[in-house]
Amino acid sequence: MKNLHLEKSYQKTLKVIKSCKTREQLEGAVKMADNFKSLYKEVGYPKTLSYNLDRTIYKKYFTCQ
């Protein structure tokens, strides 16, 4: 059951990051990603998820105005 919640939360966070159009929106998405990491750090999650979120944020930073 935890994996389902983890997957849904990860996909939602990723979707929010990808939908950002401005830097202000991206800042909010970064906070959301940080919350995801801190929440699931308690129960343990694959580090690749954290890496993927960070890479997506990094790439999105250059396309936001």
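Let's start with Y58. Y58 has a relative accessible area of 47%, so Y58 counts as partly exposed. The cut-offs: buried is under 20% relative accessible area, exposed is over 50%, partly exposed is in between, with a 1.4 Å probe and protein chains only. Y58 sits in helix α3, residues 47-63. Helices here are DSSP runs of H or I, at least four residues, numbered from the N terminus.

A word on the source. This is a predicted model, where local features need pLDDT of at least 70, side-chain atom pairs count only at pLDDT 80 or more, and totals for chains, interfaces and linings use all residues. Residues are numbered from 1 along each chain as its sequence is written, and side-chain values use heavy atoms, with hydrogens and water left out.

Now the core. Which residues have the most contacts inside the largest nonpolar core? They are I17, F36 and L53, in a core of 15 residues. α1, α2 (23-41) and α3 each give two or more residues to this core. The largest share, 5 residues, comes from α2. A nonpolar core means buried Ala, Val, Leu, Ile, Met, Phe, Trp, Tyr and Cys residues joined through side-chain atoms within 4.5 Å.

Take F36. Beyond its neighbours within four places in sequence, F36 contacts L6, S9, Y10, T13, Y45, L49 and L53. Contact is heavy atoms within 4.5 Å.

Next, T13. T13 belongs to helix α1, residues 2-19. T13 is buried because its relative accessibility is 3%. Residues up to four places away in sequence aside, T13 touches M32, A33, F36 and L53.
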